[in-house]
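Open the model in your viewer and keep the sequence panel beside it. This tour says what to select at each stop and what is there.

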Amino acid sequence: MSNRSPLLLASIFRYISGVNTMIIRCPSPAVCLTALLAFACPAIANLIPNGNFEDGKENWNLWIPPESEDADCEFYVTDESPHSGKACAELSSLAKARYTIAAKRYEDGEVVPGKRYRLTYWIRMAENLDAKGPPYFLVRFMLLGENSEPIAGARALIIGLDGKYTIQALQGKLRLNELSAERPTTWTKVESVFEVPINSGATRLDRPGFFAMFIQGSIFLDDISLEEVDDSVTLSPSYP
């Protein structure tokens with residue numbers, strides 16, 4: 001191949017259906033290789049829209065349970081030192097409170113038992129934050145049945161700051177002592193790979209809620225993602 005005619009380099013991409021064919025002229029072999037790799041290895045879709053809060057509060061709700069209504073719980077989108085981009089979420093309360101921000105919807109589908117998922121987010125807490133004790137923060141997915149109501153016992157999948165997860169009934173005392181980790185005062189990545197058993201009685205998982213657990217002060221969140229992965233990805237530690 002002549003170096004004087006790099007534009008003659010062409011690559012053929014066939015769609016999965018095998019019906020359509022597209023010919024692209026590349027300016028150089030390196031560019032062509034990059035295009036081939038991008039086509040062969042597409043980015044994994046994030047099931048949570050606006051997980052980076054660049055579109056403000058779009059797709060997010062604040063929920064305050066009755067016992068925390070007097071704690072002045074707030075949800076902001078701020079430009080105060082985000083992990084990436086120009087914005088991040090801030091959860092703040094003037095007294096120790098339990099409250100959450102929850103995603104309103106998933107992108108293109110549902111989260112269902114029998115499949116494996118990876119949740120990733122970045123978190124930091126104000127250094128002067130006051131807390132009742134661990135766990136300081138957790139993520140909760142309610143398990144829903146055929147009628148989109150919580151299954152018997154109001155069971156939920158709960159993920160701690162250390163990435164460990166558990167499935168427990170919310171009716172009764174929760175055993176969350178194993179979901180413990182140091183309070184992150186600088187941006188810290190939390191990652192958990194989980195799977196709800198197909199015989200759990202659930203047909204799908206509700207949108208995740210990100211819970212401050214009896215905390216006074218500010219928590220910052222950014223770059224939240226939830227993606228389906230295959231069975232070759234190792235599950236995070238769990239406990240019954």
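**Stop 1: the largest pocket**

Select E5 to begin: with three residues, E5 gives the most to the lining of the largest pocket. Helices (H or I, at least four residues) and strands (E, at least two) are DSSP runs, numbered from the N terminus. The model is predicted, so local features need pLDDT of at least 70 and side-chain atom pairs count only at pLDDT 80 or more, while totals for chains, interfaces and linings use all residues. Residues are numbered from 1 along each chain as its sequence is written, and side-chain values use heavy atoms, with hydrogens and water left out.

Now select the lining itself: Trp63, Thr100, Ala102, Ala103, Arg140, Met142, Asp206, Arg207, Pro208, Gly209 and Phe211. Coloured by type, the lining divides into six nonpolar, two polar and three charged residues. Here Ala, Val, Leu, Ile, Met, Phe, Trp, Tyr, Cys and Pro count as nonpolar, Asp, Glu, Lys and Arg as charged, and the others, Gly among them, as polar.

The volume of this pocket is about 150 Å³. On a 1 Å grid over the protein atoms alone, a pocket is an open set of points where a 1.4 Å probe fits, with protein on both sides within 12 Å along at least five of seven lines; lining residues have an atom within 4 Å of a point. Grid points are joined across faces, edges and corners, and the volume is the space filled by probe spheres set on the points.

**Stop 2: the nonpolar core**

Select Tyr121, Phe137, Phe141, Phe194, Phe210 and Leu226, the residues with the most contacts inside the largest nonpolar core, which has 45 residues. E13 gives the most to this core, with seven residues. A nonpolar core is a set of buried Ala, Val, Leu, Ile, Met, Phe, Trp, Tyr and Cys residues joined through side-chain atoms within 4.5 Å. Buried means under 20% relative accessible area, exposed over 50%, and partly exposed in between (1.4 Å probe, protein chains only).

Which residues is tyrosine 121 in contact with, leaving aside its neighbours within four places in sequence? Among them are Phe137, Val139, Leu161, Val190, Phe210 and Ile224. Contact means heavy atoms within 4.5 Å.

**Stop 3**

Select cysteine 73 and cysteine 88. Cysteine 73 counts as buried because its relative accessibility is 6%, and cysteine 88 is buried at 0%. The structure holds zero disulfides (pairs of cysteine sulfur atoms within 2.5 Å).

**Stop 4: backbone exceptions**

Most residues other than glycine have a negative phi, and most peptide bonds are trans. Select phenylalanine 53, in the loop between helix H1 (29-40) and strand E3 (60-63). Its phi is positive, about 60°, although it is not a glycine. Phenylalanine 53 counts as buried, because its relative accessibility is 0%.

Move to serine 148, in the loop between E8 and E9. Serine 148 is not a glycine either, yet has a positive phi of about 65°. At 37% relative accessibility, serine 148 counts as partly exposed.

Next, select proline 134 and proline 135: the peptide bond from one to the other is cis, with omega near 0°. Proline 135 lies in the loop between strand E7 (130-131) and E8.

**Stop 5: lysine 132**

Lysine 132 is also in the loop between E7 and E8. Is lysine 132 buried or exposed? It counts as exposed, at 64% relative accessibility.
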